[in-house]
Amino acid sequence: MASVAKVESVKNELPQARRAVLAMPEYHPPLAARDALRLDFNENTYAASPKVLKRLKQTTAEGLTKYPEREGVERITAEHFGLRPDQVLLTNGVDEAIHLICAAFLEEDDEAIICTPTFFMYEVSARMMTSHLVRVQADESLEFPYERFLAAITPKTKLIIVASPNNPTGAIVSREQMLAICAAAPQAVVLADEAYYHFHGDSVLADVGKVPNLLVARTFSKAYGLAFLRIGMLAGNAELMKLVRKVSSPYNVNGIALDCLPVALADGTYLDWYCDQVNTGRARMMDGLRALGIDFFPSHANFVLMKIGAKHTELVKAMRTRGVLLRDRSSDPGCDGFVRITIGIEDHVTQGLAALKESLQEIGWVAAS
Ligand SMILES: Cc1ncc(COP(=O)(O)O)c(C=O)c1O
């Protein structure tokens with residue numbers, strides 16, 4: 001009887017996750033009710049290339065029965081970016097690339113370094129493996145804290161993640177700085193996250209292979225407009241990539257995304273058009289914000305971080321009632337009162353600015369003197 005009771009009590013206890021998993025922060029992006037002008041998530045606000053849609057429509061019922069094959073598309077992608085296939089891994093968005101890097105390289109005692117504020121998924125994935133996440137906070141300028149970042153590197157540093165341009169600030173880290181970080185931590189993997197590369201143009205992708213500890217991530221969710229398909233690219237030294245590949249599932253990227261990627265890569269005209277729209281729109285948005293008296297961080301990406309102050313929540317609500325979504329970044333470290341607006345095609349910038357003007361009036365916002 002005693003042993004039956006023991007079995008019953010064990011049955012009632014759920015298995016526990018690893019300590020690191022219990023301590024991990026959770027990421028809950030506010031994804032509900034986004035049927036509006038999406039100036040909240042830094043997506044392409046308009047459309048992917050029409051050629052991608054055409055390819056999508058060629059999917060057959062029989063085609064859906066197959067496991068997807070990544071290698072052929074990796075070869076095409078590698079060639080497109082001037083890399084070797086063994087230097088490239090396609091992933092389920094850059095989110096997955098970050099997750100895989102952490103799984104492959106971080107031990108419980110290792111340190112990982114990020115700057116804050118930055119993309120929250122770095123923290124989620126790093127904390128999955130280690131509690132030793134070092135955050136180097138930007139000062140009031142929100143520029144990348146280069147000197148303090150370098151000073152945070154120790155012999156225990158095993159992973160460094162730097163986004164350039166950074167999200168949510170739009171701040172950049174120069175190629176020279178990125179390479180100096182790699183040189184200062186030869187024992188660490190350095191991930192340069194270039195999710196917003198297309199809106200800036202500076203890159204360390206050409207340094208892949210030459211700098212042994214450098215990995216570079218590129219997403220197809222932003223400029224290419226393929227967020228719905230979930231596909232990203234991780235590039236780096238073949239030896240490191242072999243280890244990342246080892247922890248990835250062979251079918252991590254779905255077949256539809258793999259079918260569409262070569263078409264999207266080949267349509268450079270469309271990509272250039274969209275980036276042009278954003279770059280012109282960003283200048284227009286920044287001029288518009290100046291005219292409205294709103295302080296902002298000068299951005300190198302497809303979004304602008306605006307300093308609204310105490311009325312940040314009211315502004316986001318007022319914009320929503322006008323059918324425009326913004327992202328309140330106030331809970332990011334050092335971002336109290338900041339709201340981020342995505343830059344899309346010209347027409348969307350016009351709509352965003354008009355709604356901003358009306359909303360600021362409605363909430364009685366006055367510029368800080
Ligand atoms: C800096 C940065 N990296 C990566 C991502 C995620 O990219 P993906 O959609 O490829 O997972 C984002 C998304 O907002 C981002 O801001």
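Me: Which residues come nearest to the ligand, of the 13 around it?
Reply: A residue is near a molecule if its C-beta atom, placed from the backbone, lies within 6 Å of it. Of the 13 residues around the ligand, the nearest are Gly93, Asp95, Asn167, Thr219 and Ser221. This is a predicted model, in which local features need pLDDT of at least 70 and side-chain atom pairs count only at pLDDT 80 or more, while totals for chains, interfaces and linings use all residues. Residues are numbered from 1 along each chain as its sequence is written.

Me: Which helix gives the most to the shell around the ligand, and how does the shell divide by class?
Reply: Helices (H or I, at least four residues) and strands (E, at least two) are DSSP runs, numbered from the N terminus. Helix 5, residues 93-105, gives the most, with three residues. For classes, Ala, Val, Leu, Ile, Met, Phe, Trp, Tyr, Cys and Pro count as nonpolar, Asp, Glu, Lys and Arg as charged, and the others, Gly among them, as polar. The shell has five nonpolar, six polar and two charged residues.

Me: How many helices and strands does the chain have, and what box do its C-alpha atoms fill?
Reply: The secondary structure comes to 13 helices and 13 strands. Taken along the principal axes, the box of the C-alpha atoms is roughly 70 × 50 × 50 Å.

Me: Why does the radius of gyration of the chain agree with that of a compact globule?
Reply: The radius of gyration is taken over C-alpha atoms, and the globule rule is 2.2 Å times the number of residues to the power 0.38. For 369 residues a compact globule would have a value near 21 Å, and the chain has 22 Å, so the two agree.

Me: What share of the residues count as buried?
Reply: A residue is buried if 20 or more other C-beta atoms lie within 10 Å of its own, exposed if 12 or fewer, and partly exposed in between, with C-beta atoms placed from the backbone. Of the 369 residues of the chain, 43% count as buried.

Me: Is Gln361 buried or exposed?
Reply: Gln361 counts as exposed because it has 11 C-beta neighbours inside 10 Å. Gln361 is in helix 13, residues 346-362. Gln361 and Leu315 are 46 residues apart in sequence, and their C-alpha atoms are 9.8 Å apart in space.

Me: Which residues of helix 10 are buried, and what do they pack against?
Reply: An α-helix has 3.6 residues a turn, so residues three or four places apart point the same way. In helix 10 (residues 255-266), the buried residues are Ala257, Leu258, Cys260, Leu261 and Ala264. They pack against helix 3 (50-56) and helix 4 (71-80).

Me: What is the strand order in the open sheet of four strands?
Reply: Two strands pair if DSSP finds at least two bridges between them. The order is 9-10-13-12, with antiparallel pairing. Strand 9 (295-297) and strand 12 (327-328) are the edge strands, each pairing on one side only. Strand 9 pairs with strand 10 (residues 303-307) in the antiparallel sense over three bridges. Leu305 in strand 10 is the bridge partner of Phe297.

Me: What are the domains of the chain, and how many residues of domain 1 are in contact with domain 2?
Reply: Domain bounds come from an automatic or database domain assignment. The assignment gives domain 1 (29-44 + 269-362) and domain 2 (58-266). Their C-alpha centres lie 25 Å apart. Two residues are in contact if their C-beta atoms, placed from the backbone, lie within 7 Å. By that rule, 22 residues of domain 1 are in contact with 22 residues of domain 2. On the side of domain 1 that touches domain 2, helix 11 (268-292) gives the most, with five residues. The residues of that side divide into eleven nonpolar, seven polar and four charged.

Me: Where are the cis peptide bonds at Pro117 and Pro165?
Reply: Most residues other than glycine have a negative phi, and most peptide bonds are trans. The bond from Thr116 to Pro117 is cis, with omega near 0°, and Pro117 is in the loop between strand 3 (111-116) and helix 6 (121-129). The bond joining Ser164 and Pro165 is also cis, with omega about -5°. Pro165 is in the loop between strand 5 (157-163) and helix 8 (175-184).

Me: Where is Arg230, and what is its phi?
Reply: Arg230 lies in the loop between strand 7 (214-219) and strand 8 (232-236). Its phi is positive, about 60°, although it is not a glycine. Arg230 is buried because 20 other C-beta atoms lie within 10 Å.
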